[in-house]
Amino acid sequence: METNYKHITVKVKKRIAVLGFNRPDQLNAMNRKMMDEIIAAIGAINGNDQAQVGLIRGEGRAFMAGADIKEYASQTPEEFKAFQDCGIELYEALENAPKPWVAAVNGYALGGGFEIALACDMILASDTAKMGLPEVFLSLVPGGGGTQRLVQKVGINRAKEMLFLGGQYSAQKLYDWGIVNQVVAQDRFDEEVLKFAEKLTRRSPSAIKELKRLAQLSLSPIPFDEKIEEEGKTVSKLFHGADAKKAIQNFTNKS
Ligand code: COA
């Protein structure tokens, strides 16, 4: 796997691919080069059979403090549009991935950083993390799906509060609101996050791939009975597959 990135690191170990944002002196603010690297790395991890789970984290005191505002200042309208379009590609690559992606938020996750976390399947956050969408302070709105995914995940009134006020929210608050899956003590962060990812590696990848697709399908506007029909087709397909046959056989042998 490509390891020659400038602003990120990628390591695959024990079937967990760890994608690390690595511009700590700039709080991992995402410039265009970094965004291109992240998209390439997500694609490579999604296609790598050695990686069963993707884990994203940031080096230093931030997960990611959002898009690089200094780079924004020099972008032409075309460059800005291209940046936003690539952002959409990035978030969708996580959401539509055939494997689970976990955001391990260790510090600031603001703007695009928080949008990356929102596009992941789950968020684990340290008890010192701060998350939010501060674009309102720049007289902007989020451009990476933040307005839409936040409403889906937290409900419209809480989403509006976060969006209108642009505040920084603690992990505990967002856990209470149902966006953060687990709050982890900062001094046990690396250990606990890996433990969680390892647990995911012990689950069937073929089942998780379908579970993720079906969970996403629940958010689509197609009729409910079509969603249930799709679930039915999927369980039948898996039932006749080799993995389920083996797991069911193992269970009956043990009983
Ligand atoms: N874009 C570009 N540079 C950023 C950045 C961003 N989104 N966020 C932080 N940085 C840079 C700072 O400019 C500073 O660089 P410098 O040392 O070269 O001056 C460095 O990262 C450290 O940030 P600093 O602001 O000094 O740290 P802090 O602890 O005082 O504040 C934040 C931390 C996250 C509250 C503050 O950096 C911030 O508000 N960042 C912008 C967040 C944002 O609006 N994101 C959405 C963008 S659309």
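Reader: Which residue stands opposite Leu-124 in strand 7?

Author: That's Ala-104. The general idea is that strands of a sheet pair through backbone hydrogen bonds, either parallel or antiparallel. In this predicted model, strand 5 (residues 101-105) and strand 7 (residues 122-126) run parallel, and four bridges join them. Two strands pair if DSSP finds at least two bridges between them. Strands themselves are DSSP runs of E with at least two residues, while helices are runs of H or I with at least four, and both are numbered from the N terminus.

Reader: And how do I read the residue numbers and the model itself?

Author: Residues are numbered from 1 along each chain as its sequence is written.

Reader: In what order do the six strands form an open sheet?

Author: Read it as 1-2-3-5-7-10, with mixed pairing. At the edges sit strand 1 (8-13) and strand 10 (182-184), each pairing on one side only. Ignoring direction, neighbouring strands here are turned by 20° against each other on average. Angles like this run from 0 to 180 degrees between N-to-C directions, and axes are lines fitted to C-alpha atoms, for helices over the stretch in contact.

Reader: What about the four strands that form an open sheet?

Author: Their order is 4-6-8-9, and the pairing is mixed. Strand 4 (62-64) and strand 9 (169-170) are the edge strands, each with pairing on one side only. Strand 6 (residues 108-110) pairs with strand 8 (residues 130-132) in the parallel sense over three bridges, and Ala-109 stands opposite Met-131 in strand 8. Helix 4 packs on this sheet, touching strand 4, strand 6 and strand 8, and its direction makes about 80° with that of strand 4. Contact, by the way, means heavy atoms within 4.5 Å.

Reader: Now helices. How do I describe two that pack?

Author: Two packed helices are described by the angle between their axes and the distance between the axes.

Reader: Which hand is the crossing of helix 1 and helix 3, left or right?

Author: Left-handed. A crossing has that hand if the near helix is turned anticlockwise from the far one by less than a right angle, and it is right-handed if clockwise. Among the residues making the contact are Met-35 and Ile-39 of helix 1, and Phe-83 and Leu-90 of helix 3.

Reader: At what angle do helix 4 and helix 5 pack?

Author: Helix 4 (residues 112-119) and helix 5 (residues 146-154) pack at about 50°, with axes 10 Å apart. That makes helix 4 oblique to helix 5. This crossing is left-handed. Phe-114, Glu-115, Leu-118 and Ala-119 of helix 4 meet Gly-146, Arg-149, Leu-150 and Lys-153 of helix 5.

Reader: How close do the axes of helix 5 and helix 6 come?

Author: The axes of helix 5 and helix 6 (residues 156-165) come within 7 Å, crossing at roughly 135°. That makes helix 5 oblique to helix 6, and their crossing is right-handed.

Reader: Into which domains is the chain divided?

Author: Domain 1 (8-201) and domain 2 (205-254), with bounds that come from an automatic or database domain assignment. Their C-alpha centres lie 28 Å apart, and eleven residues of domain 1 are in contact with six residues of domain 2.

Key:
Predicted model: local features only at pLDDT ≥ 70, side-chain atom pairs only at ≥ 80, totals over all residues. Heavy atoms only, no water. Parallel < 35°, antiparallel > 145°, perpendicular 65-115°, else oblique.
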